[in-house]
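Morning, everyone. Please have the sequence and the model open side by side. I'll go pair by pair, then turn to helices and strands.

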Amino acid sequence: MPARLTLYPTDQPVQRFVLDPAREHLVGRGPDCDLRIQDPRLSRRHARLNFTGAWLLTDLASKNGVRLDGREVRETPVADGNWISFGGLLGQFDVVSEERLALERERTQARWHTTVDLSRRFDPSVGVDALLQQLLDAVLQLGDVERGFVMLSNADGELSVRARKHRGGTPLGEAGFAGSTGALQRVLEYRRPVVLCDARADVMLGSRPSVASNDIRALICLPLAVGEQVTGLLYLDSSRPGKVFTALDVELLEAFASHAALVVGVASVHSGLEELAQLLPGEVSREPAAEGLVRRLLAVLPRRAVLPAADGVPA
């Protein structure tokens, strides 16, 4: 029977690997490992999982060892629900049926279709502020989180909060919630997503007052970028115990955020041209050039930000 290993790194999305009983699976950092995990606690070839009538876990002389439900092991059978520590990186082993795997693949396809459908509802002509509210409504649903906000840069490149929301439509107070400032700084510094499934256990952010005072358990912060230029930040978090972000969650939110950044950019251009038209002399403001440019931007740019087809998404 197939099985699954779910790994819970503190500073990365949860990773799930389906284990095929017809072959052995190597766990480690090395390029020959099919369960390859970039975690410094793991050896290049850390452990092996293979099926011999029962699933067997073997420590491949790793530096930091392997533990099963808290006890150190060298080679041992592993059963449904067991917890495994690969040098300190925790994972849970589950036996799963083919029917369950098929159902989960269907759910994955459905989530991609939902993402594509939500992205198609963006209409740049409604204006930036309305778009940001639409964006927050969508990502709170996609990420299954309670709180979120969007920051955009102004003409001087300074970021400011343009929209914030609690799931269900309740607005967040302007000064009542600011999220994890450390996560925001990390995204700006490295220009890549920050994902924490246990913010309190993170070495850099866990001790920060913003994490404790806002009761932040899991969070994700994504750059909003058009090409190489970061134009804003999207921040989501949850205070719900047990909430995690999977690699699929991050992939969906990144694709959605990439599309949203383009649409918001087009809406900003639209708004800027309308303001410019207001300032121009009457005859000039009625020239069709600016209006034609906006129409071309609205028609072309959003459609070029194509989300991955649901049929091509791995299970």
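Start with Arg 74. It counts as exposed, because its relative accessibility is 54% and the cut-off for exposed is over 50%. Keep in mind that this is a predicted model.

What does Arg 74 pair with? Its salt-bridge partner is Asp 59. The closest N and O atoms are 3.2 Å apart. Now look at where the two sit. Arg 74 is in the loop between β8 (71–73) and β9 (75–77), while Asp 59 is in strand β6 (residues 55–59). So the pair ties together parts that are 15 residues apart in sequence. Is Asp 59 buried or exposed? Asp 59 is buried, at a relative accessible area of 9%.

Side chains of opposite charge can pair when their charged atoms come close. How many salt bridges does the structure hold? The count is 15. I'll show a few of them.

Next, Asp 249 and Arg 111. They form a salt bridge, with the closest N and O atoms 2.8 Å apart. This one links distant parts of the chain. Asp 249 is in helix α5 (residues 247–279), Arg 111 is in helix α1, and 138 residues separate them. Asp 249 counts as buried, at 7% relative accessibility. Arg 111 is partly exposed, with a relative accessible area of 27%.

Lys 165 lies in strand β13 (residues 159–166), and Asp 137 lies in helix α2. So a strand and a helix, 28 residues apart in sequence, are tied together by this pair. Lys 165 is buried, at 11% relative accessible area. Asp 137 is partly exposed, at 40%.

There is also a network. Salt bridges link Arg 4, Arg 100 and Glu 104. Hold on to Arg 4; we'll meet that residue again.

Now the helices. Two packed helices are described by the angle between their axes and the distance between the axes. Take α1 (residues 98–120) and α2 (residues 128–143). Their axes come within 11 Å and cross at roughly 175°. That makes α1 roughly antiparallel to α2, since angles over 145 degrees get that label.

Which residues meet? From α1 come Arg 111, Thr 114, Thr 115 and Leu 118. From α2 come Ala 138, Gln 141 and Leu 142. By class, this contact has 3 nonpolar, 3 polar and 1 charged residues. Arg 111 is also the salt-bridge partner of Asp 249.

Zoom in on Thr 115, in helix α1. Thr 115 counts as buried, at 0% relative accessibility.

Strand β1 (residues 3–7) and strand β2 pair in the antiparallel sense, over 5 bridges. Here is Arg 4 again: it stands opposite Val 18 in β2. Strand β2 (residues 15–19) has two faces. Which residues are on the covered one? Gln 15, Phe 17 and Leu 19. Arg 16 and Val 18 are on the uncovered face.

That's the tour. Questions, please.

Methods
Residues are numbered from 1 along each chain as its sequence is written. This is a predicted model: local features need pLDDT of at least 70, side-chain atom pairs count only at pLDDT 80 or more; totals for chains, interfaces and linings use all residues. Side-chain values use heavy atoms; hydrogens and water are left out. Axes are lines fitted to C-alpha atoms, for helices over the stretch in contact, and angles run from 0 to 180 degrees between N-to-C directions. Helices (H or I, at least four residues) and strands (E, at least two) are DSSP runs, numbered from the N terminus. Angles under 35 degrees count as roughly parallel, over 145 as roughly antiparallel, 65 to 115 as roughly perpendicular and the rest as oblique. Contact means heavy atoms within 4.5 Å. Ala, Val, Leu, Ile, Met, Phe, Trp, Tyr, Cys and Pro count as nonpolar, Asp, Glu, Lys and Arg as charged, and the others, Gly among them, as polar. Buried means under 20% relative accessible area, exposed over 50%, partly exposed in between (1.4 Å probe, protein chains only). Two strands pair if DSSP finds at least two bridges between them. A salt bridge is a side-chain nitrogen of Lys or Arg within 4 Å of a carboxyl oxygen of Asp or Glu.
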